[in-house]
Every structure is written in C-alpha cells, then in structure tokens.
Amino acid sequence: MTFRLRLLVVMLLVVVVSQLVTGGALLRAISQDALEKGNRDLGVGLRVLEQVLDERGRFLQGNVEILANDFGFKSAVATRDTGTLQSVLANHGDRAGADMVLLGDLDGTLLASSHHPQGTAMPFPTLWEQARETGAAVEVVIQEGKPYEFVLLPVRAPNLIGWVGMGFKIDQALASEIHALTRLDISFITHRNSSDGPGHRVSSREDLDAAALQRLTAELDSGRFLQTSAFTEDDRYLTRAQLLQSDAGNQTYAVVQASRSSLLGAYRDLQWQLGGVIAVILLLTAALAAWSARSMSRPLSVLADAARNIGRGQNLKSVDVTPHGEIGLLAGTLLSMQEDIRQREQSLLHQSRHDRLTGLPNRSSAQDDIEVLIRQQTRFSLLRMEILDFRRINDTFGYALGDRVLITLAQRLRDLPSPVRNAYRLGTDEFLLVVDVSACDDRWVESLLAGLSQPIDLNGSPIHPDLLVGEANYPDHGNDVNLLLRRADIALHAASARHQSHQRYLEGQDEEHLRQLTLIRDLQSAVTCDQLHMVYQPKIDARSGEVVEFEALMRWQHPSLGFIPPDEFITLAERSGNIRPLSRWMFNAVCSQLAAWQRQGQRLSVAINLSAADLGDADLVDLLLNHLRHHGLQADQLALEITESAVMEDATLASHSLNRLRQAGLTISVDDFGTGYSSLAQLKRLPVGELKIDKSFILQLDSEDDDATIVRSTIEMGHSLGLRIVAEGVENAASAGLLKEYGCDFLQGYWIARPLPADSVIEWLGGNNPFPLSAIRHAK
C-alpha cells in the first residue's frame, strides 16, 4: 500500500470513526431514553394495578362488613346452623360478585365454604394469623393454584364468634381492565416452588403463547424476579414484575410488558436519516482526503526513502526536498539523526566490549581476540589473574577504595610492554593477559607480579595487591578459546590451593576439577541417600587410661567414586556452601547413636566438629539443644570441637553462640591448635575448656626436639589458663610417654584405636576401658 493510499485511508478512517461514534452516541441516547420511558410506563402500570387492587379490596371489605354485621347471619353463626350459613354465604357472595366465600369458628375450623369441605382447618393460615393480630386482613391468597384477593373479618355478637371472608379471582377480567387503563400488557403468574407442574397463568396479551409463558416462567425459576419489583428486557418486550403473594409453596407475580418495537419506532426512522447524513459527509471527506494526500505524498515519500536509507547504514549528504517549512526541518533532522546514530553505535559497541569501571576490554572482547589468534595459528599464552583476598580490601576500605585498586591495577596491566599483547577484565577481581610467547618464563612472571604488586596508596594506607596467576598455553593446552580459558582458570585455582603465586596448567587437572564438581553436586544426595555414616575414635585419660569420650568423624562412601577422604569433601562442602546440611545430618546421627548406646546401658559422651558456617548459623544453639531434648540426652554427653580459623572468622558471633552452649552445659574444645593465626590470649576471651594440639606436632614428637618444645610449652601455657589439653595423632608408646610426662590430660590416636564403627564401640569398650597404659615407656 502506497503512502498516498495510506494517508487517504487514515483520513477516511478518522472521519468514519468520528461519525460512527457521534451517531452511535446519539442513537444510543435516543434508544436509552425510549427504553427508560417504557420502564417508567411499566412502573405506572404496576401502580395502577395496586390502586385497582386496593379499590377492589375496599369494595370487598365493605361487603364483608355488611355480612358480618347482619343480625340474622350472626344468629346463624351463634347457633351453628350450617345450612343457613351456607345459603347466606352463597347469596351474599353472589350479590357482591365474590368468587370465593368462607366462614370459620374461633379455632380456625371451617363452618361453611364455597371451595373447602366443612370441618377442615382455615386454608390460609398466614391471612388468618394476620387477621387475628390486626382485627382484619386483606391479602392475595392461592386456592387450587389460582390467585384471589381475599378479605377476612371477625364476626362479633358482641364478642368474637367467628371469621368470615370473601375473595375475588385475579383473572383475565382484571388483566383486561388494567390493559384498558394503561395500554400495557399484563400477566398474572402463580409460580410453584415444587415439581408439581406449572402454576396458574392469565394474561391480557393475545399472543402470550406457550413459548412466551415458558420464557417468563424461566425468568421466575432463575430467581430473577424474587425481589419485590424487578425490571428486565429481551429482544421483544420490556418486562417488570411485582410480587403479589409469597408463601412456602407459591409466589404470585403481576408482570407488565411494553413492546420494544413500538417504543423504538421513532429511533429506527432517525437511524435512516442519520445514515444518509453520514454518507454525504464521507463523500465530501473522500474528495478532500484525495486532494490532500496527492499534495503531501511526494515530499513525505522522499523523506521516507531517506529514513530507510539511513536505517540501512547509508551516509546521506542531503535530502531532495524544499528546505523551507516543516518538510525542510524534518529533512535537516534526519541528517542530524544520521550522525547521532553513528556516534551512538560506536559508543554502544565500545561499551559492549569494554569494562565500564576500568576501561579494559571485557570477556567478550577476549574471546573474540583469542579466536582470531587461534585462526592465525599464532602461539600465545593466557595468564589468568586474581587478586588475593580482594573481598577483605572491600570490607576494610569500602567499595569506592576497592574500585581504586581495580582501576590502578588495570592501568598497570594496560601499560605492560611486549611480549604482553593485551589485558582484559573478566570479572570482579579477575584479569587476563594475552602474552605473545608459547610459555611464560617463571622469572618473567615473578618480575611481572612484583611490578603489579607495588603498593597502592588508599588515603594514606598503602595496599599491596597480591596476585595469583594461572597459565595456559596455545596450542599445548588446547585449540579452543573456551577450553583455554577454563584450563587457565583450573591452573589459577591450583595456585590458590597450593599457596603458590603462579601455576601452569598440568595434564590431569581437568579430571581433578571435574571430580570436585562431581563431589559438590553429589553432596546433597549423600545426605538424602544414606551414603554418609559416622565412626567414633576414643579419647582416654593420660593418667588412668579411662575412656572419657569419643570423637565423631564423618565418612562418605560415594556410589561411583568409592571412599571420599573427609578432608576432601568437608573442604568442598565449606567452599560450596553445603556444609550446613552435612552438619545437621551429623547432629541427628550422633544424638541418635548416643540414645541407642544409652538404651544398651552405656552412657557415653561424643565430641563433634563444627565449621565456621555452623558458628555463623543463628539457629545452631536451639538446634543442638532441641536434638538433646528429643533424644533424652544430657548436655555433658555432647562436646563441640572448633578450629582456630572458624573461631577467628567472626569472633563476636562465635563468642555469642559458644557462650550460650557453654551455659547449657556443653564442653567447648579448640581443635588443630597451633596451625591457625590465633593465640592463647585471644582464646582466653572465649568459653573454651579444652585445647587439642594438632597432630602435625605429635606424629614425630619422640624424634623432633622442636616439636617437643612446642608441645611442652603449649601444655604449660594451656594449664596456666585453666584449660585441659588433648593430644591427637598419638601413634606410638614413646610419644604417649612423653605426653604423659609433659602433663597432657588426654590422648587420642591410632596407638589407642582407629575410628570405630558405631556397632563396634560397645565391644571395644568391653576390652579396653580402662585402656592398658603398661606399654608406655618413660621418656629418656
């Protein structure tokens, strides 16, 4: 569709829509006014009905009062002369034009009736109750499914001796009378609340056939007219219903209707007139739109072509339109926009390929550049760098100063001379160098790191950014960009694990990395699939040989990799954030086992190991105490072993949790003492009752004088602070003898017993409690 045609169609559509909206609004207003007038007429018809019923009720009441006051009638009532009563009722009813008459005694039993057997109960209990309460009643009642307007009055002589009533049918005659007064169609419908068949229906409409009656009945069945007065409309009539009578079995409605066709006759004539006006306006508009479109289409078509060419990337020098007016302004704007788009594209391209903070190329740029080098088969090396403990720099100095470290380091990387080809920022604290050598010389890397680690001044505080480097070489370590980057990352992690500043990728490290990923992935299933179990290593008193407690140690039997050393999977669990599920499983397993031993008559104590993540868990204390209560254990049956590094990671939080546990009666012990960076003075502030000297100082205690000096000094210092001392890693009698001589309180190690399965503990205790210390030789 051409621009000219589109413009013409748009202009016509605007006019058509506006005319249709205007005409539709006008016609709708007229239609609504006609329907509202019809609705008002329906209301008038119902009010006329009410007046006619009231007039008939007053007429009927007057006739009933005449009968009730007749002396002869009162005498017949008093003597219970049923024959006379029946005759008087019939004659008086005929004179009054009543369709139903009845007489009842004081108890509501019929003495005579035109429609009911003598001696039966009053047929209209609601009417009778109202008459007894108010002295008279005029209501619509149902007799044999037909509605009657009925009057019930007392007969007094002078006391109350009975009740007399008369009623007129609400029938076709009444409907015709209302129709003659209001010119409205009226129907009286008695609706039954049961499945006994349809109720009674009369109507002034000659065309109220079975289908129309069925539709009105359906409206009643749906509950639409269950209110006192309701209004509805269908495709032929406006309808309004008035509830005349309602009891447990029936409802009687007066339904008035007005024909929609007669109400909307003037509306249809106006529709044709308005249609003709709209057609004339459309013809005039079409002619005007065609002329306007023809005069405007050419310059706009030129501008549209120019815009499309700019969108395709063409560089336009000018646009062939008049330079004056709005068209000329639009042409100049297009040319200006062309230049803005070019500059913005260059800026977006630069931002998409460079780090916003440091200005270095980003990971996407690195991948593209490395792919180019691989296609050119140019030998190169990748040095993947990470700032050691960068998080601590942010935590200590704040993120703004941490950003200054990154910016300064990026500038140093950018200024590196050949053979460095380019530098990139890969992540928060990770960088990448592409070096034009097949493999980096160790001394060159050492010199590179020394230059990059020069102090950075942060508001008077010099910071030495220590860097770790992982190296991968092309083509020796792969010919794919993602493989090279991954292997450089593996080498970087290896450098971190081995506490080295530089590590080149070695064959087999992929398998080690995949093994670690597999173990981290399977840690969750290890807990849920019963792959974990606990073993228990005894701890004895160094003087008496009595077993004082057991240390619980976790073991993992992987379904495909077999036995996984605890040092390996515990470290991976802490690093990946999966240590808490393991700890919670351990709490339950150990407490369950203690309870099981207790049922066997052995009240034992067990020490469990806590990680830094456990100490940082706000629910730790409540969790442990709930386990003890659940299994019926005492607090002294559970001891906690924590490492120096775990305590020092968040000393405040650790101190709070440990104090609560100590107050609850649990024993706190510091494990692997001597391998961390804390001191006895720091530990003095914590609720620690016991120190475990790391086994690295015990294994060669009988042959290494330095180890002996350290152990003896630690025992003496610990005792001076009121702490008990445990030596782990006791593997021979000579070491045990030295420890006993130094005053060590408790011993633990393979010389005493290897870690025992839970079902072997009781048997082992039977032969080794107290443990025989006769094999200990005195130190020379």
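Here are some questions and answers on the rings and the fold of this predicted model.

Guide: Residues are numbered from 1 along each chain as its sequence is written. In this predicted model, local features need pLDDT of at least 70 and side-chain atom pairs pLDDT 80 or more, while totals for chains, interfaces and linings use all residues, and side-chain values use heavy atoms, without hydrogens and water.

Visitor: How many helices and strands does the protein have?
Guide: Both are DSSP runs, numbered from the N terminus: helices are H or I with at least four residues, strands are E with at least two. The count is 25 helices and 27 strands.

Visitor: How are the rings of Phe 380 and Tyr 474 arranged?
Guide: Rings of Phe, Tyr and Trp (its six-membered ring) pair if their centres lie within 6.5 Å; planes under 30 degrees apart are stacked, over 60 edge-to-face, the rest tilted. Here the centres are 5.1 Å apart, with 15° between the planes. So the pair counts as stacked.

Visitor: Which strands does this pair link?
Guide: The two residues lie 94 residues apart in the chain. Phe 380 is in strand β11, and Tyr 474 is in strand β16.

Visitor: Is Phe 380 buried or exposed?
Guide: Buried means under 20% relative accessible area, exposed over 50%, partly exposed in between (1.4 Å probe, protein chains only). Phe 380 has 1% relative accessibility, so Phe 380 counts as buried.

Visitor: Which ring does the charged end of Arg 132 sit over?
Guide: A charge sits over a ring if NZ of Lys or CZ of Arg is within 6 Å of the ring centre and within 35 degrees of the ring normal. For Arg 132, the distance to the centre is 4.3 Å, and the ring belongs to Trp 128.
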